[in-house]
Amino acid sequence: MNDALLALTPTLELPSVAREQALKKQTNISDYDFLLGWLYPEDELLPPNLALFSKTTGPVFIDFLGGKKNHRRQFGGGKGQPLARAVGIASDFTPKVIDATAGMGGDAFVFATLGCEVLMIERSPIVAALLQDALNRAHLELQLEAEGKTYRFDDDEHSFLTATISRMQLVNADAADYLNHTKPEADAIYLDPMYPEKKKKAATNKEMTALQGLVGPDIDSSKLLEAAMTVAKKRVAVKRPAKAEPIQLESGKKPSASIQSPNTRYDLYVVASTQS
Ligand SMILES: C[S@@+](CC[C@H](N)C(=O)[O-])C[C@H]1O[C@@H](n2cnc3c(N)ncnc32)[C@H](O)[C@@H]1O
């Protein structure tokens, strides 16, 4: 699979250290904080996962078709869940969404399962590589299934997942720059910047632990929020810890509304409430 990694890396501009180590298939990471490499599944038909190995967590990779993401799809609460309401998903409206802080793609996948076209923007080339690999793998695995070479999903699930994955696109860029220069079309823009690490409460899972170590806190969220408000046709939704202050903007603009859930608050900046 080295060819696949070579094909992937130039487009995503992976740092050469990580790429060289991955090409050597070196999994001893004692000299590195992080190492990007391939994780081979037991089933030889299935493609390997591009995974992030670190000293502090097990290998981290993204799997849209299985595990936790699929569980969240089945039991997450559908269109009524706070995350869905935050971007304006309703029984009679399916917004076109930009997830401008895509991370491990969990929230973007929820939007796509609920019918939204989703453009994911992620600025870390390593996180973007994990996302691109997950999309590539999902397409390939669904294709193998369609060809009758694997039997993992029933017909309904297969068509649901195929439609979901086909609604997801990825761009590796700084979202503020990308939004300002490209002005992509979107009803809603979703932001989930990395909060500064809290002293007492560590990250909730190994994905977030790895992300915290890899990308650190996002200290330029106000710039991203300003850019998002000039591009979104209807609203910008910002995920915040339940008790955190809203993002401070130079203009002094405050959220128009908020949706509260137990640990999280979604601040809404309605940019054109009369536009349909
Ligand atoms: C907390 S994580 C997002 C988690 C995501 N919602 C999920 O479900 O996995 C924040 C991510 O946003 C990315 N990010 C922050 N600011 C960004 C920006 N201006 N442009 C693109 N990506 C950004 C970070 O690199 C990080 O991967």
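The following dialogue discusses how to read selected features of a predicted model.

Biologist: Which residues does the UniProt annotation "binding site" cover?

Modeller: In the unreviewed UniProt entry, that annotation covers Glu122, Arg123 and Asp192. Although these residues are spread over 71 residues of sequence, they cluster in space, with a largest C-alpha distance of 13.0 Å.

Biologist: Is Glu122 buried or exposed?

Modeller: A residue counts as buried under 20% relative accessible area. Glu122 has a relative accessible area of 9%, and is therefore buried. Its place is in strand 4, residues 118-122. Beyond four places in sequence, Glu122 touches residues including Thr101, Gly103, Val127, Leu131 and Asn172. A polar atom of the Glu122 side chain lies 2.9 Å from the backbone nitrogen of Gly103.

Biologist: How does one read the accessibility of Arg123?

Modeller: Values between the buried limit of 20% and the exposed limit of 50% are called partly exposed. Arg123 has 37% relative accessibility and so counts as partly exposed. Arg123 is found in the loop between strand 4 and helix 6. Apart from neighbours within four places in sequence, Arg123 is in contact with Asn172, Ala173, Asp174, Asp218 and Asp220.

Biologist: Which residues come nearest to the ligand?

Modeller: There are 21 residues around the ligand, of which Met104, Asp107, Glu122, Ala175 and Asp192 come nearest. For individual polar contacts, one examines pairs of N or O atoms within 3.5 Å. A polar side-chain atom of Asp107 lies 2.9 Å from a nitrogen atom of the ligand. For Asp174, a polar side-chain atom lies 3.4 Å from a ligand nitrogen atom. Gly105 places a backbone N or O atom 3.4 Å from an oxygen atom of the ligand.

Biologist: Why do the buried residues of helix 9 line one face of the helix?

Modeller: An α-helix has 3.6 residues a turn, so residues three or four places apart point the same way. In helix 9, residues 206-215, the buried residues are Glu207, Ala210 and Leu211. Seen down the axis of helix 9, these buried residues fall within an arc of 100°, so they line one face. Helix 9 is followed by Gly216, which has a positive phi, near 70°.

Biologist: Where does pLDDT stay under 50?

Modeller: pLDDT stays under 50 over residues 1-7, for which the model has twelve contacts beyond four places in sequence. Residues 9-26 also stay under 50, with 31 such contacts in the model. For the protein chain, the average pLDDT is 84, and 81% of the residues score at least 70.

Methods:
Residues numbered from 1 in each chain as written. Predicted model: local features only at pLDDT ≥ 70, side-chain atom pairs only at ≥ 80, totals over all residues. Heavy atoms only, no water. UniProt positions renumbered as here; feature names shortened; annotations may be inferred. Helix = DSSP H or I, 4+ residues; strand = E, 2+ residues; numbered from the N terminus. Buried < 20%, exposed > 50% of the residue type's maximum accessible area, 1.4 Å probe, protein only. Contact = heavy atoms within 4.5 Å. Polar contact = N/O pair within 3.5 Å; in protein donor to acceptor, adjacent residues only side chain to side chain. Arc of directions from axis to C-beta. pLDDT = per-residue confidence, 0-100. Near = heavy atom within 4 Å.
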